[in-house]
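Thanks, everyone. I'll keep this brief. Here is the structure I want to talk about.

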Amino acid sequence: MKKALLTLFISALIFSSCNETTTKKGADPNQEFDVVILNGRVMDPETNFDGVRNVGVKDGKIAIITESAIKGKETIDAKGHVVAPGFIEGHQHATDQFSRKVNLRDGLTTAMDFEAGAGDIAKWYAEAEGKTQPNYGMVVLATLARVKVLDGPEIAAQGNDMGGLFSHTVGAAAAKAQKVGRKPGWNATLPNKEEMTQIMAYVDEGLRQGALGVGVPVGYMTGGVTQYELYKYQELAAKYGRVTNAHVRFAGVRPPTEGMLGIQEMLANAMVLDAPFLASHLNSNMDWEYTIPMINDAREKRGAKVWGEVYPYAAGGTIASTDILTESSMAQMNITYSNVANLDGTRWTKEDYENIRKNDPGRSILIYNNPPEDIAKWMAQPGVVVVSDGMAVQDEKLNYFPWEASYEGHSVHPRTAGTRAKVLRMVREEKNMSLMEAISKMSYLHAKYFDELAGIPQFKTKGRMQEGMDADIVVFNPETVRDNSTYEVGKGAIPSTGIPYVLVNGVIVVKNSEVLKVFPGKPIRFTVQEKGKLDQITIEPRKFDPNQSK
């Protein structure tokens, strides 16, 4: 009997210790904290902790998680709400203040762009400092390096990140190319050795300036980027120990250019180089049933530094001139002109296809290439992280809106505003995965991969509800949280509801579902290095006429 009681006592102790957060910093519960979050259901994806606790925030950190009474300069009553790590993503193209305001209503506390990135890294970080509400980071964009060399520096200067690239640079490059009767250089020209060396030099400078990796959206440059050039981008990033991200070369489910082949191309490079590789929006490539398990096997069974993303929408968003919409590519994806739509919902005809791709190449469009009933399936796949692939909210002339602008009246893909709330609503309504797993895919799993696979040190203290971690926190009601943005005209930026509080670095940024005009975001960036690493790789001349595509 005594032995049985002792066993029960020990079991109770073990259970109790497992049901506590793992980090103990010894904060005094009697002190006054900057912010206290009381009576909330604290959920930590790393330890699987799930219990009602009080949270004290001090100096930008989670100072205490306790059952004891605590007080602070500001108090949030979180009764009936989940208190979770702030949401993170590496696939948010929108970098203007209004779009980031919309993101905050969806709980996004760290917004980075790994698929694309920026051309001038030093300039991009300098312009963001002190003016950014969430935490922010960028990779260097190989596309803009190609624009600078193959279309001209005057065209590259018209946009420094994805918003500017799509809004102005693509159209300017197309107009210049039409005058001389060729395709734009950035997506169709095969560079010679000198041009490729210049392109790589610009990428190298971005990495030297602290870029988080290299963005190579080769799916937009299928006729211009050889497999050799793609390998060299990954090799250069590997010299810095940094990640290469890509919208891969192919999409669809039919050979010989099915989506899986595009993943295999870069996965093979990554494994040869022992380098990090992040595959963009696996659902958009359409081979997700096969590519997600393949990437998971490479990481978990072979030790490869690779992972992939998904987002919870059947339609993708892109630009009219994308290589994805060549007629051969559409055949591979088993779609036709009517699967493409303008942001106002108008479906394309063959005439629209020919006219818009030629005369308005930078137009934002939608591609309906996946059945809606598959969304819950790919979202529940293990190992993947949730992103939005959100684009900036812009007017018809592609200008950004001021921070104070109304949420109404904007036609944009709803994923910019509603991704994370939609995932939480799906968990509630469809029960396709547990709430803890959904939170993990939107916070902790990002931090884990960015830290352990991509070597970005700032993520050691993000994505966790533990003492000592960064106080990036989202408070949401699991019973009411929902997305409200839709594909309907004027309703693309309607903010999510049921997320009344968001903290970034310990500062309340969303209060009672209102975004406050405060800018506590910090840069996610590597240290600037004195010397680049381009001299550590070789670039060979091509064995064909490099001007043949011109």
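First, a cut-off. Buried means under 20% relative accessible area, exposed means over 50%, and partly exposed is in between. Keep in mind that this is a predicted model.

Now the charged pairs. Side chains of opposite charge can pair when their charged atoms come close. The count here is 30 salt bridges. I'll walk through a few.

Start with helix H8, residues 193-208. Glu205 and Arg208 form a salt bridge there, at 2.9 Å from N to O. They sit three residues apart, about one turn of the helix. Arg208 has 18%, so it is buried.

Next, helix H18, residues 444-452. Lys448 and Glu452 are four residues apart in this helix, so about one helical turn separates them. Their side chains meet in a salt bridge, 3.0 Å from N to O. Lys448 is at 24% relative accessibility, so it is partly exposed.

Lys460 comes out as partly exposed, at 48%.

Which residues join in a network of salt bridges? Lys61, Lys462, Asp470 and Asp472 are linked that way.

That's my tour. Over to you.

Note on methods
Residues are numbered from 1 along each chain as its sequence is written. This is a predicted model: local features need pLDDT of at least 70, side-chain atom pairs count only at pLDDT 80 or more; totals for chains, interfaces and linings use all residues. Side-chain values use heavy atoms; hydrogens and water are left out. A salt bridge is a side-chain nitrogen of Lys or Arg within 4 Å of a carboxyl oxygen of Asp or Glu. Helices (H or I, at least four residues) and strands (E, at least two) are DSSP runs, numbered from the N terminus. Buried means under 20% relative accessible area, exposed over 50%, partly exposed in between (1.4 Å probe, protein chains only).
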